Amino acid sequence: MAYDEVLAERVRERLEPEGVVAKKMFGGLTFLLQGNALANLYEEGLMVRVGPDGMGDALSRPGTKQLVFRGKEQNGWVVLDEEILDDDVLDDWLKWAMEVTAELPPK
């Protein structure tokens with residue numbers, strides 16, 4: 001698995017106190033809230049759940065692109081350029097992902 005271990009630790013520090021579990025899956029490190037993925041760190045960067053209604057806002061922000069998985073665009077998910085992820089920006093994206101994921105039924 002080729003993902004940024006330093007970024008993984010930064011994300012883990014922010015999410016584990018909120019009850020989020022980190023699990024190796026999907027070729028990277030996935031962060032789960034009540035069994036639902038809210039973020040995944042993999043070789044292309046950090047992807048976060050923004051929900052279908054949040055795509056327009058998310059894609060208008062710098063350093064984002066829509067997640068493409070197996071050639072198909074994934075609605076509700078964006079990939080973040082690691083260069084934009086200072087502490088405040090990372091906190092904002094993870095808060096957004098937590099809020100969207102908390103609305104989903106537990107798995």
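Visitor: Which strands each supply at least two residues of the lining of the largest pocket?
Guide: Strand 2, strand 3, strand 4, strand 5 (64–69) and strand 6 each do so, a strand being a DSSP run of E with at least two residues and a helix a run of H or I with at least four, numbered from the N terminus. This is a predicted model, in which local features need pLDDT of at least 70 and side-chain atom pairs count only at pLDDT 80 or more, while totals for chains, interfaces and linings use all residues. Residues are numbered from 1 along each chain as its sequence is written, and side-chain values use heavy atoms, with hydrogens and water left out.

Visitor: Which strand gives the most to the lining of the largest pocket, and what residue classes does the lining have?
Guide: Strand 3 gives the most, with four residues. By class, the lining has nine nonpolar, five polar and four charged residues, where Ala, Val, Leu, Ile, Met, Phe, Trp, Tyr, Cys and Pro count as nonpolar, Asp, Glu, Lys and Arg as charged, and the others, Gly among them, as polar.

Visitor: Why are strand 1 and strand 2 said to pair?
Guide: Two strands pair if DSSP finds at least two bridges between them, and since five bridges join strand 1 (residues 21–25) to strand 2 (residues 28–33), this antiparallel arrangement is therefore a pair. One of the bridges has Met-25 and Gly-28 as partners. The two strands form a hairpin with two residues between them, and in its turn Phe-26 has a positive phi of about 55°.

Visitor: Why is Glu-82 called partly exposed?
Guide: Its relative accessibility is 29%, and because buried means under 20% relative accessible area, exposed over 50% and partly exposed in between (1.4 Å probe, protein chains only), Glu-82 falls in the middle class. Glu-82 is found in the loop between strand 6 (72–80) and helix 3 (87–102). Leaving aside neighbours within four places in sequence, Glu-82 is in contact (heavy atoms within 4.5 Å) with Asp-4, Leu-7 and Gly-45. Glu-82 and Glu-44 are 38 residues apart in sequence, yet 9.1 Å apart in space, C-alpha to C-alpha.

Visitor: What makes Arg-70 count as exposed, and where is Arg-70 found?
Guide: Arg-70 has 78% relative accessibility and therefore counts as exposed; this residue is found in the loop between strand 5 and strand 6. Although Arg-70 is not a glycine, its phi is positive, at about 55°. Most residues other than glycine have a negative phi.

Visitor: Why is Gln-34 partly exposed?
Guide: Gln-34 has a relative accessible area of 45%, and is therefore placed in the partly exposed class. Gln-34 is found in the loop between strand 2 and strand 3, and its phi is near 50°, again a positive value in a residue other than glycine.

Visitor: Which residues touch the most other members of the largest nonpolar core?
Guide: Of its 27 residues, Phe-31, Leu-38, Leu-46, Val-48 and Trp-93 do, a nonpolar core being a set of buried Ala, Val, Leu, Ile, Met, Phe, Trp, Tyr and Cys residues joined through side-chain atoms within 4.5 Å. Helix 3 gives the most to this core, with seven residues. Not counting residues up to four places away in sequence, Phe-31 touches residues including Val-11, Leu-15, Leu-38 and Leu-41. A second, separate core of seven residues includes Ala-37, Met-47, Leu-67 and Trp-77.
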